[in-house]
Amino acid sequence: MNRYQFLKKSARGVALTTLLPSLAFCTTNGQQKTIPGNYNVNESFNPETDIELTAAPSELQLFSGNKTNVYTYQSKLLKGEQYALEKLAGSHLCPVIRVKQGQKIRIRFKNQLPRESVIHWHGLHIPPEMDGHPMYAIENGEQYIYEFEVNNRPGTYWFHPHPDKITGPQVYQGLAGLFIVEDNNSGLPSGENDVPLIIQDRMFDNSNQLVYLQNNRMGQMQGFLGNRVLVNGNPDTTFNVSKSTYWFRVLNGSNSRIYKLAWNDGEDVIVIGADGGLLEKPVKKPYLMLAPGQRAEIWKDFSGQNTGNEIQLQSLAFSDGTSMGMGGGMMGRGMGGGMMQPDGVENGIAFNVAAFKVTENTGKKMELPSKLSTITPLNPTNAVNSGNPRQFHFYNQRMQWVINGETFGMTEVAEWEKVKLNTTEMWEFINSDNGRGMGMMQDMMRMPHPVHLHGLQFQIIEREVSGMQRAVWESVKDGFMDDGWQDTFLLMPGMKVKIMMKFEDFKGIYVYHCHNLEHEDMGMMRNYEVTD
Ligand code: C2O
Ligand code: CU
């Protein structure tokens with residue numbers, strides 16, 4: 001069976017028959033409906049920034065010897081300030097789009113990939129037809145026009161492909177970029193001291209080509225895990241820094257790998273921002289858990305270092321609670337360092353992510369502000385269902401990752417996935433069992449799931465861990481940063497997490513899913529619908 005097969009028979013047996021610029025399909029109740037996508041430029045929309053992004057195969061000199069075949073977003077600024085579109089310094093892979101809050105932007109997406117694709121603007125609060133739902137995927141040679149106003153708080157957002165069943169391989173091949181909503185905050189490091197760090201793991205063969213899940217369903221069940229870590233698309237990364245203060249915008253852009261980030265100089269990780277921008281005040285952590293899809297903004301002061309010092313950003317060892325009877329026996333295998341391992345390195349192995357070498361004496365030391373921004377906490381009494389939150393069980397059912405027993409259907413929305421516009425809700429995510437008690441089989445099939453909701457930012461209200469294995473909890477417990485606004489959070493085996501959010505401005509269908517991209521591709525994704 002071809003797992004990239006596009007036409008999907010959904011769990012309820014509704015087959016999509018066509019995907020054309022105007023998508024005609026039958027809903028579950030048999031009605032004929034048309035969803036108009038945005039395939040042409042809207043002349044009355046007047047953007048500050050107008051960009052052309054073309055997804056296409058390309059090749060990069062990542063190592064000596066053979067070039068590596070990748071996919072890239074080739075980008076062109078048609079209108080706007082130069083800063084609005086740049087390549088990430090030192091990276092061949094990653095375009096960075098910079099906008100200011102309140103600006104309008106148009107992105108003309110052209111697909112030159114062999115397969116269908118669509119762009120999701122991860123973290124942005126925009127209308128459903130602009131959000132990159134898989135139903136708006138376009139084929140090779142087609143184009144999609146994204147036009148929206150950026151209402152999000154200043155922060156580090158990102159974009160990546162989102163076609164049904166093939167998001168994992170497309171991101172893996174190199175398609176991901178940053179979408180930074182700029183802050184005018186002068187109390188923070190800027191310019192060369194404002195540095196994005198995109199962390200991804202990969203695997204290469206002897207001719208320097210990317211190796212993706214070749215194995216089997218078990219590999220996909222686990223998710224892709226590589227044996228080399230890339231930062232901003234480069235292997236073995238060392239940054240030259242000055243004796244000054246830095247703002248690192250860290251994105252975990254990996255398919256499945258979770259990082260337990262720490263400095264090796266004994267200093268705490270100082271977190272100043274989350275998915276949805278700056279926190280109210282800095283939070284210090286001995287280490288920070290960062291799951292796929294999540295961002296963290298980290299403050300780091302090198303001004304007390306001596307020239308020549310090298311500080312490592314590391315991922316420390318932890319137990320991810322996985323007990324699927326696979327991947328065992330790999331303990332002790334290292335990551336990176338030029339050592340080629342035949343298999344991926346399992347989640348929770350320690351390795352160095354990037355080195356920071358102090359090469360310059362000059363630079364500016366900055367004082368860590370005690371107040372960074374204002375965050376109004378959502379009040380549980382304002383949720384329409386705070387005493388009785390909607391529950392979403394993430395678990396494994398007969399070798400299939402599911403949400404409340406269901407997998408993705410392109411336009412399928414269950415009753416329990418319909419919410420009302422302008423209401424605040426509390427949702428509870430549960431990584432344990434099928435909701436009917438813990439069976440032995442479920443217990444053997446548990447994994448961490450990074451949960452992501454499209455279309456909005458939420459607040460984390462509560463993390464309940466009494467169902468977790470003690471040793472697992474002990475190995476990660478100081479690394480959760482639940483302040484501020486989030487769009488993705490890590491749901492460990494046995495954990496329950498309550499979040500709150502308000503559904504506002506836009507009606508329609510958005511997806512929510514596991515951001516382990518292989519789980520997502522297997523169908524661990526569902527729609528929610530905002531209705532009147
Ligand atoms: Cu970053 Cu639906 O994903
Ligand atoms: Cu998952």
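Buried here means under 20% relative accessible area, exposed means over 50%, and partly exposed is in between, with a 1.4 Å probe and protein chains only. By that rule alanine 262 is buried, because its relative accessibility is 3%. Alanine 262 belongs to strand 17, residues 259-263; helices (H or I, at least four residues) and strands (E, at least two) are DSSP runs, numbered from the N terminus.

Some bookkeeping before I go on. This is a predicted model, in which local features need pLDDT of at least 70 and side-chain atom pairs count only at pLDDT 80 or more, while totals for chains, interfaces and linings use all residues. Residues are numbered from 1 along each chain as its sequence is written, chains are lettered from A and ligands numbered from 1 in the order in which they are written, and side-chain values use heavy atoms, with hydrogens and water left out.

Next, the largest pocket. Its volume is about 790 Å³. The search runs on a 1 Å grid over the protein atoms alone: a cavity is a set of points where a 1.4 Å probe fits but cannot get out, a pocket is an open set with protein on both sides within 12 Å along at least five of seven lines, and lining residues have an atom within 4 Å of a point. Grid points are joined across faces, edges and corners, and a volume is the space filled by probe spheres set on the points.

The largest pocket is lined by 37 residues, of which Gly191, Glu192, Asn193, Asp194 and Val195 are the closest to its centre. Which strand gives the most to this lining? Strand 15 does, with five residues. Strands that each supply at least two residues include strand 12 (194-202), strand 15 (238-242) and strand 23 (351-360). By type, the lining has 15 nonpolar, 13 polar and nine charged residues. Here Ala, Val, Leu, Ile, Met, Phe, Trp, Tyr, Cys and Pro are nonpolar, Asp, Glu, Lys and Arg are charged, and the others, Gly among them, are polar.

On to the rings. Rings of Phe, Tyr and Trp (its six-membered ring) pair if their centres lie within 6.5 Å; planes under 30 degrees apart are stacked, over 60 edge-to-face, and the rest tilted. The count comes to 38 aromatic pairs. In one of them, tryptophan 427 and tyrosine 528, the centres are 5.8 Å apart and the planes at 90 degrees, so the pair is edge-to-face. Tryptophan 427 is in strand 27 (residues 423-430) and tyrosine 528 in strand 33 (residues 525-531), 101 residues apart. Both tryptophan 427 and tyrosine 528 are buried. Tryptophan 473 and phenylalanine 480 are stacked, because their planes are at 15 degrees, with centres 5.9 Å apart. Tryptophan 473 and phenylalanine 480 are buried too. One aromatic cluster has among its members Phe392, Trp416, Trp427, Tyr512 and Tyr528.

Two charges over rings. The rule is NZ of Lys or CZ of Arg within 6 Å of the ring centre and within 35 degrees of the ring normal. Arginine 249 sits over tryptophan 247, 4.2 Å from the ring centre, and lysine 260 has its charged end over the ring of tyrosine 287, 4.2 Å from the centre.

Last, the backbone. Most residues other than glycine have a negative phi. Methionine 399 has a positive phi of about 65 degrees; its place is the loop between strand 24 (390-396) and strand 25 (401-403). Is methionine 399 buried or partly exposed? It is partly exposed, because its relative accessible area is 31%. Asparagine 404 also has a positive phi, near 50 degrees, and is found in the loop between strand 25 and strand 26 (418-420). At 21% relative accessibility, asparagine 404 is partly exposed.
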